[in-house]
Structures are given as structure tokens and as C-alpha cells.
Amino acid sequence: MTNERNSMFDDQQFLLGTFATNCSGGMSVTKVPERWVNSWENNLKLAHLLDEAGIDFMLPIARWIGYGGDTNFHGNVLETITWAAALLARTRDINVFATIHTAANLPAVVAKQIATIDQISRGRIGLNIVAGWNQPEYEALGLDLPAGHAERYGYAQEWFDVVKALWSREKAFDWDGQHFKLTNILGDPRPAGHVPILNAAGSGEGRNFAVRNADFLFTPAIDLARSVDEIAALKAQAAEVNRPVGVLTFSHVVCRPTEKEARDYLRHFGQDNADWDAVDNLVRLQFAHAQSFPHDLLALIRDRMAAGHGGFPLVGTPEQVADGILSLHKVGFRGTTLSFVDYLTEFPYFRDTVLPILAAEGIRHPVKAFDIAV
């Protein structure tokens with residue numbers, strides 16, 4: 001498979017993926033017993049379901065310490081390079097991203113890892129670049145988190161420049177940069193096609209980095225009226241450097257036969273049984289070190305942080321959930337990730353009831369089932 005068939009670059013459909021299935025709890029900071037168990041077995045079962053349903057990608061979060069509370073939300077996390085490689089070896093069409101923190105991973109090592117997985121997957125590996133924001137995590141790894149976004153993204157830019165050089169140059173070269181000094185290095189093998197690059201950025205420095213380097217910029221959809229202007233500004237910024245950048249967001253799905261059932265369950269897991277200590281730790285860290293969420297809105301979405309890590313709520317009947325996705329498409333998002341309290345038990349209902357509506361509306365291709373050789 002080459003990138004000409006890679007659905008991440010298919011402009012004819014609104015992209016759908018999953019988020020954080022490698023993390024305990026997924027995206028729901030809840031204490032309910034059915035919350036997501038991020039075992040390898042569950043991830044592989046889900047990958048097969050997603051692949052058969054034509055879902056475009058799986059996106060992991062790279063975490064090293066949890067957020068505390070009764071559940072220690074995201075305390076158990078599968079490492080993303082090995083997770084992606086294994087999933088891609090056992091699937092056929094779906095794309096899988098590896099999420100990499102630039103400060104914790106040497107660019108020459110990552111370049112070779114991604115090139116290797118490119119062969120395993122026949123062009124279905126993607127790279128999500130994280131410049132860093134979680135201070136306690138840096139301390140756990142014995143690293144220093146630069147205070148300024150300019151420093152973080154300056155480092156990330158040279159890091160990715162090294163990766164791109166290793167993926168493009170055919171002869172050994174030296175690199176004499178501010179952060180990296182490399183001698184007689186060669187990237188071999190190299191990816192056969194264009195590796196999809198994703199970056200989540202909220203600061204000015206981060207968005208400058210994203211429009212210069214990423215194919216997809218990841219940002220929350222909190223207020224869709226605000227999203228219209230935000231997406232237009234991002235596309236204009238990318239056009240100034242002659243690069244197309246698709247804007248992705250993330251959503252949390254509670255889909256049930258009736259709206260009452262959906263809202264009752266949302267209240268059950270996202271209010272009555274939320275792990276509020278973990279939620280507050282998450283919100284506090286976002287305020288202190290990140291600009292992924294607009295700070296003037298962050299305090300208003302504490303409930304959303306419990307239900308789906310701040311994701312756009314898709315709650316209600318299949319028709320209401322489909323309408324929510326159509327609203328994201330209408331304001332200009334290129335796609336969204338989906339999360340569920342329990343992905344394995346809830347995704348099939350979404351697949352059977354929501355995907356046909358999206359296909360009928362013309363924003364998704366009809367599902368063509370196939371047998372996966374495992």
C-alpha cells in the first residue's frame with residue numbers, strides 16, 4: 001500500500017479515528033467499572049473492528065506518569081512505537097500514529113523506527129510530534145522542561161529537521177546544529193512515501209511549528225462559533241507558507257437508542273462517578289504548562305474533562321450523534337477522533353447506526369467489509 005491510497009490524504013471524506021486506546025481509562029476520567037482497559041488484547045480486537053469498518057486511524061497518547069485520583073487516570077499506558085508497529089502488522093487498511101515526545105527520543109532513532117514501521121505497514125504509519133508540556137512527567141524522566149514555548153518549539157523544529165533530513169538524503173551527512181551534533185549519519189531505510197505528520201498546538205509558537213511541518217493540526221472544539229474563525233485563521237497561516245494543513249479535533253461519544261439513555265449514562269460516568277481528583281490534576285497541569293485549550297474556556301469545561309478529556313460531546317441518538325459530526329464538518333474540521341467509555345462494547349453500535357448516516361450525507365464512504373488475515 002502506498003500513500004496514494006492512504007485514507008489520511010483522502011479529501012473526499014471526513015476523517016474518523018480513535019484516541020487514547022493505549023491509555024488506561026481512554027479519554028474518560030471516571031471510576032465506573034466498565035471504563036476502558038487498555039490491554040494489548042483489547043487494542044487488537046478494537047483495531048480489527050475499526051479496520052473492518054473503514055475507520056481511518058488510531059491515535060495514541062504518550063504518557064509516563066498518571067494523573068492520580070482513585071483511578072490514577074493514564075497511569076497504565078502502552079508505549080506508542082511498539083504499539084503502533086504491532087497493530088499495523090495485524091491490520092490491513094487503517095493508519096496508526098506513534099506519538100513521540102521530542103525531548104525524550106533521539107531523532108535519528110525515531111527516523112529509523114518510523115521507516116521500519118513504514119515497511120511493516122506498507123505506508124500506514126503516522127507520526128504525532130509532541131514538543132512537551134507536562135512538568136511532572138519531565139521530572140519523572142530526569143528532563144528539564146523549558147519554561148518558554150519558543151525554546152520547546154525551537155528544539156522540536158531542529159529535531160524534526162534532522163528527521164526530515166534522514167528521510168530525504170541519500171548520502172551520509174554531518175549535522176552541526178544548536179541542539180544536535182551528528183557525524184557521518186545516513187537514514188537507511190527511508191519511508192517509501194509521505195508519512196502523515198500530526199501536531200497539537202495552542203500557542204503561537206506551536207501553531208507556527210504546525211503549519212510549517214504538520215499535515216494535520218489537532219485542536220479542541222469547545223465553541224463551534226469560535227472554531228469557524230480559528231480554522232480560517234489556521235488555513236490562512238498555512239497558505240502563507242504554501243502548505244495545506246487539515247485541522248482535526250477530538251470528540252467523546254455516548255450513543256444510545258434514546259437521548260434520555262445517553263444523557264443518563266453521561267451523568268452516571270461523567271458526573272456521579274467521575275474521578276474528580278484526577279480531573280482537577282489534569283486541569284491544573286493544562287493551566288500551568290500547556291496552551292492546548294484556550295485558558296478563558298478551560299475552567300468552564302471541567303465537566304467535559306471528566307467525560308472525555310475535554311473532547312467535543314457527541315451525546316444522544318444515532319441521528320443526534322451524526323448531526324454533531326456533521327456540524328464539525330460544516331465549520332471546517334477535516335476530521336475528529338472518537339472516544340468511548342468502553343470502545344469495544346460501544347463502537348459496534350456507532351458503526352451500525354451512525355456511519356450509514358454519515359455515508360448517506362456524503363461525508364464518508366460506504367463501509368466495505370473484508371476479512372482480515374491475522
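**Entry 1: A200**

I began by asking what A200 touches: leaving aside neighbours within four places in sequence, A200 is in contact with N128, Y153 and F218. Contact here means heavy atoms within 4.5 Å. I am working from a predicted model, where local features need pLDDT of at least 70, side-chain atom pairs count only at pLDDT 80 or more, and totals for chains, interfaces and linings use all residues. Residues are numbered from 1 along each chain as its sequence is written, and side-chain values use heavy atoms, with hydrogens and water left out.

Next I looked up where A200 sits, and found it in strand 7, residues 197–200. Helices (H or I, at least four residues) and strands (E, at least two) are DSSP runs numbered from the N terminus. A200 has a relative accessible area of 33%, so I put it down as partly exposed. The scale I used: buried is under 20% relative accessible area, exposed is over 50%, and partly exposed is in between, with a 1.4 Å probe and protein chains only. I also checked A200 against L50, which is 150 residues away along the chain; their C-alpha atoms are separated by 23 Å.

**Entry 2: the whole chain**

I stepped back and counted 14 helices and 11 strands in the chain. The radius of gyration is 20 Å, close to the 21 Å that the globule rule gives for 374 residues, so I noted the chain as being as compact as a globular protein of that length. That radius is taken over C-alpha atoms, and the rule is 2.2 Å times the number of residues to the power 0.38. Along its principal axes, I have the C-alpha trace spanning about 65 × 45 × 40 Å.

How much of the chain is buried? I got 57% of the 374 residues. Then I looked at contacts with a separation of 6 or more, and residues 24 or more positions apart account for 75% of them. The accessible surface came out at about 15,200 Å², with 51% of it belonging to carbon and sulfur atoms. Those areas come from the Shrake-Rupley method with a 1.4 Å probe, and for residues only the protein chains shown count as cover.

**Entry 3: I94**

I94 is in the loop between helix 2 (80–89) and strand 3 (95–101). Is I94 buried or exposed? Its relative accessible area is 0%, so I wrote down buried. Not counting residues up to four places away in sequence, I found I94 touching L50, D51, I55, D56, F57, M58, L88 and R124. L106 is 12 residues from I94 along the chain, and I read 27 Å between their C-alpha atoms.

I went looking for a cis peptide bond and found one joining D188 and P189, with omega at about 10 degrees. P189 is in the loop between strand 6 (181–185) and strand 7.

I then checked phi. R122 is not a glycine, yet its phi is positive, near 55 degrees. I placed R122 in the loop between helix 3 (107–121) and strand 4 (125–130), and at 43% relative accessibility it counts as partly exposed. H309, again a residue other than glycine, has a positive phi near 60 degrees. I found H309 in the loop between helix 11 (302–308) and strand 10 (312–316). At 9% relative accessibility, H309 goes down as buried.

**Entry 4: A239**

I traced A239 to helix 7, residues 224–240. Its relative accessibility is 55%, so I count A239 as exposed. From A239 to I197 is 42 residues in sequence, and C-alpha to C-alpha I get 17 Å in space.

On a 1 Å grid over the protein atoms alone, a cavity is a set of points where a 1.4 Å probe fits but cannot get out; a pocket is an open set with protein on both sides within 12 Å along at least five of seven lines; lining residues have an atom within 4 Å of a point. Points are joined across faces, edges and corners, and a volume is the space filled by probe spheres set on them.

The second largest cavity holds about 30 Å³ of space. I listed its lining as W64, H101, A104, E137, Y138, L141 and L143.

For the second largest pocket, I noted a volume of about 340 Å³. Of the 19 residues that line this pocket, D11, F216, V245, G246 and R334 are the closest to its centre.
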